[in-house]
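Subject: Structure for you to look at

Hello,

Here is the structure I promised to pass on. Please open it and keep it beside this email as you read.

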Amino acid sequence: MPSTTGSFFPLFCFLSRCAVSLSQSICKIAASRQKHTLPDLTYDYGALEPHINAEIMQLHHSKHHATYVNNLNVTEEKYEEALAKGDVTAQVALQPALKFNGGGHINHTIFWTNLSPNGGGEPQGELMEAIKRDFGSFQKMKEKMAAVTVAVQGSGWGWLGYEKETGRLRIAACANQDPLQGTTGLIPLLGIDVWEHAYYLQYKNVRPDYVKAIWNVINWENVHERLQIAKK
Ligand SMILES: [Fe+2]
């Protein structure tokens, strides 16, 4: 009976070297990946008072957002391990944590820049023209966005987004920490966080008062910049 050992052994060695090389490459990618970090605010925790108080801002940024960042890093590490092992079941099981913590990090990172102690007033230029075109007036846009945001059941976000396909502005609500673009395709321009951690210490259960007040600290220049980038 002819032996196959002679032809099989070099092939086995070659495949083994490939497996080791692939494993090393994955390890290098994992090692080189930068961990997500909590972004600094460009204003003090008390700078948005009296509309959003310092205690809310301090807890919201340094505790809540920081927790999303930490848990996102942990989830990504587990995901990379699962990927390296080819464990699809583990990868699928990690999806909810990736969506929740990744969404939480994405959403809050946008939110802080949407706010400014020098905010409020009205948007200018191209953004204002787009708002008038798509909602009739700035006031009507605010009323619609406030209504949709206040009506979020439980925890979530209200958004003003840009629809690339039509070139129009849209208002949408997302549950939990579902990120706007990842779940609807709209590019986020302005988000209003209506998780209770965003307002309860100051506004208690009266979410409409918080949403009414937040217009006083909206950084329309940032929203305008986001629209210009989204249109490219
Ligand atoms: Fe939040």
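This is a predicted model: local features need pLDDT of at least 70, side-chain atom pairs count only at pLDDT 80 or more; totals for chains, interfaces and linings use all residues.

**Helix α2**
Helix α2 covers residues 54–85, which is 32 residues. N53 caps the N-terminal end, with a side-chain oxygen 3.2 Å from the backbone nitrogen of E55. After α2 comes G86, with a positive phi near 70 degrees.

**The hairpin**
Strands β1 (residues 156–163) and β2 (residues 168–175) run antiparallel. Eight bridges join them. One pairs G158 with A173 in β2. Four residues sit between the strands, and G167 in this hairpin takes a positive phi near 75 degrees.

**Salt bridges**
How many salt bridges does a search of the whole structure find? Six. Among them is D178 with K99, whose closest N and O atoms are 4.0 Å apart. D178 lies in the loop between β2 and α7, and K99 in helix α4, so the pair ties together parts 79 residues apart in sequence. D178 is buried at 19% relative accessible area. K99 is partly exposed at 40%.

Another is D134 with R168, at 2.5 Å between the closest N and O atoms. This pair links helix α5 to strand β2, 34 residues apart. D134 is buried, while R168 is partly exposed. R133 joins D134 and R168 in a salt-bridge network.

Best wishes

Note on methods
Residues are numbered from 1 along each chain as its sequence is written. Side-chain values use heavy atoms; hydrogens and water are left out. Helices (H or I, at least four residues) and strands (E, at least two) are DSSP runs, numbered from the N terminus. The expected span of a helix is 1.5 Å times one less than its number of residues. A polar contact is a pair of N or O atoms within 3.5 Å; within protein, one must be able to donate a hydrogen and the other to accept it, and residues adjacent in sequence count only if both atoms are side-chain atoms. Two strands pair if DSSP finds at least two bridges between them. A salt bridge is a side-chain nitrogen of Lys or Arg within 4 Å of a carboxyl oxygen of Asp or Glu. Buried means under 20% relative accessible area, exposed over 50%, partly exposed in between (1.4 Å probe, protein chains only).
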